[in-house]
Amino acid sequence: MLYFIHTYEEGTALSKETKIAKKEQKAAKKAAKLEKRQTKDYAKLVATINKKNAKAEKKANKKGKPFVPIAVPTQEEALAAGSNQSTGRKVVTLIILILLIWIVVYFLVMWFTYVAPVKQAETPEDTASVAQEYDRYVNQHEITTTKIYSVSEAKAVLKQVLHDNWKTLGYSSDPSSASINGGGNVTVNNIDCYSFTASGKSYAVAMNLSAVYQKNGSEYKPVTFHETEYLKF
C-alpha cells in the first residue's frame, strides 16, 4: 500500500515539472518572437532615419548649409519610445471607447424614458345654439371696361398696319408715309370704329384698337396683324 502512494506522489511531481517546463518553453518562444520582431522593427527604423539623413544631407550640400543628421537611437531607446507611444494610443482608445459607451447608454435611457405628449380632446361646441354670422361678399376690385383710344392713336395703328401689310392690301408700294384722312365713327361687326381713308382705300379701326378693317365695296374685311417691322412715330 505504501508503494502505490509513493508512486502516485512521484507521478504528480513529474506532471507538475512537465507543465512548468512547457510554460517555460512557451514563454521562451514568445520572448524569441518578440525579440525577433523588435530587432526587425529597429532595423526598419534605422533604415528610415538613414534615408532621411541622406536626403537632408543632399539638400544641405546644394544650399551650402551645414548638415545636422537625425540621431539614431539605440534599440533600447527605440523600444522605450515605442512603449510610450503604444501606452498613449491605448489611453486615447480607452477614452474614445468610454465616450461611445456613454453616448449609447444615454440614448437608450432617453429612448425608453420618453413619453409622448397626449393631446387633450377638445369638447365640441353646441353649434345649434350659436347663430352663424357671415360677412356679405364684397368685390375688392373695381369694375373696368376696355379703354377707348383717341383718333390719333387709332391713326398710328392704321399707319403701322399699312406699313406691315401693304402688299396684301393691294398696294404697289408702302403707303404708310402718305396722308391718312378721316376720323369719323362707323360700326363694324357691332364694334365702334374710327373710319379713315389712305391712298384711295377706306379703313375702319376699332376704338379699343382690337381690330383693323379694309372696306371692299359695302363690306369691311379684317386685316391680319403681321408685325414684321415697327415704325417709329
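Good morning. I begin with Y106, which is partly exposed because its relative accessible area is 46%, a value between the 20% and 50% cut-offs. Please keep in mind throughout that this is a predicted model.

Y106 has an aromatic partner. Across the whole structure, a search finds two aromatic pairs. One of them joins W102 and Y106, and this pair is stacked, with 5.6 Å from centre to centre and 10° between the planes. Where do W102 and Y106 lie? Both belong to helix α2, which covers residues 75-113, and they are four residues apart, about one turn of the helix. Is W102 buried or exposed? W102 counts as exposed, because its relative accessibility is 57%.

The protein chain contains three helices and five strands. Their order along the sequence is α-α-α-β-β-β-β-β. Of the 233 residues in the protein chain, 15% are buried. The chain exposes about 20000 Å², and carbon and sulfur atoms account for 59% of that area. As for contacts between residues at least 6 apart in sequence, 43% connect residues at least 24 apart.

I turn next to helix α3, residues 151-165. This helix has 15 residues and spans 21 Å from its first C-alpha to its last, close to the 21 Å expected at 1.5 Å a residue. The buried residues of α3 include A154, L158, V161 and L162, together with Q160, H163, D164 and N165. What covers these buried residues of α3? The cover includes four strands: β1 (180-188), β2 (191-198), β3 (201-206) and β4 (212-216).

Strand β4 brings us to Q214, which is located there. Why does Q214 count as buried? The reason is its relative accessibility of 9%, since buried means under 20%. A polar atom of the Q214 side chain lies 3.4 Å from the backbone oxygen of L169. Leaving aside residues up to four places away in sequence, Q214 touches L169, then K201, S202 and Y203, and also E219, Y220, K221 and V223.

One of those neighbours, K201, has a further arrangement to show. K201 lies over the face of Y171, at 5.6 Å from the ring centre.

Thank you for your attention.

Conventions
Residues are numbered from 1 along each chain as its sequence is written. This is a predicted model: local features need pLDDT of at least 70, side-chain atom pairs count only at pLDDT 80 or more; totals for chains, interfaces and linings use all residues. Side-chain values use heavy atoms; hydrogens and water are left out. Helices (H or I, at least four residues) and strands (E, at least two) are DSSP runs, numbered from the N terminus. Buried means under 20% relative accessible area, exposed over 50%, partly exposed in between (1.4 Å probe, protein chains only). Contact means heavy atoms within 4.5 Å. Accessible areas come from the Shrake-Rupley method with a 1.4 Å probe; for residues, only the protein chains shown count as cover. The expected span of a helix is 1.5 Å times one less than its number of residues. A polar contact is a pair of N or O atoms within 3.5 Å; within protein, one must be able to donate a hydrogen and the other to accept it, and residues adjacent in sequence count only if both atoms are side-chain atoms. Rings of Phe, Tyr and Trp (its six-membered ring) pair if their centres lie within 6.5 Å; planes under 30 degrees apart count as stacked, over 60 as edge-to-face and the rest as tilted. A charge sits over a ring if NZ of Lys or CZ of Arg is within 6 Å of the ring centre and within 35 degrees of the ring normal.
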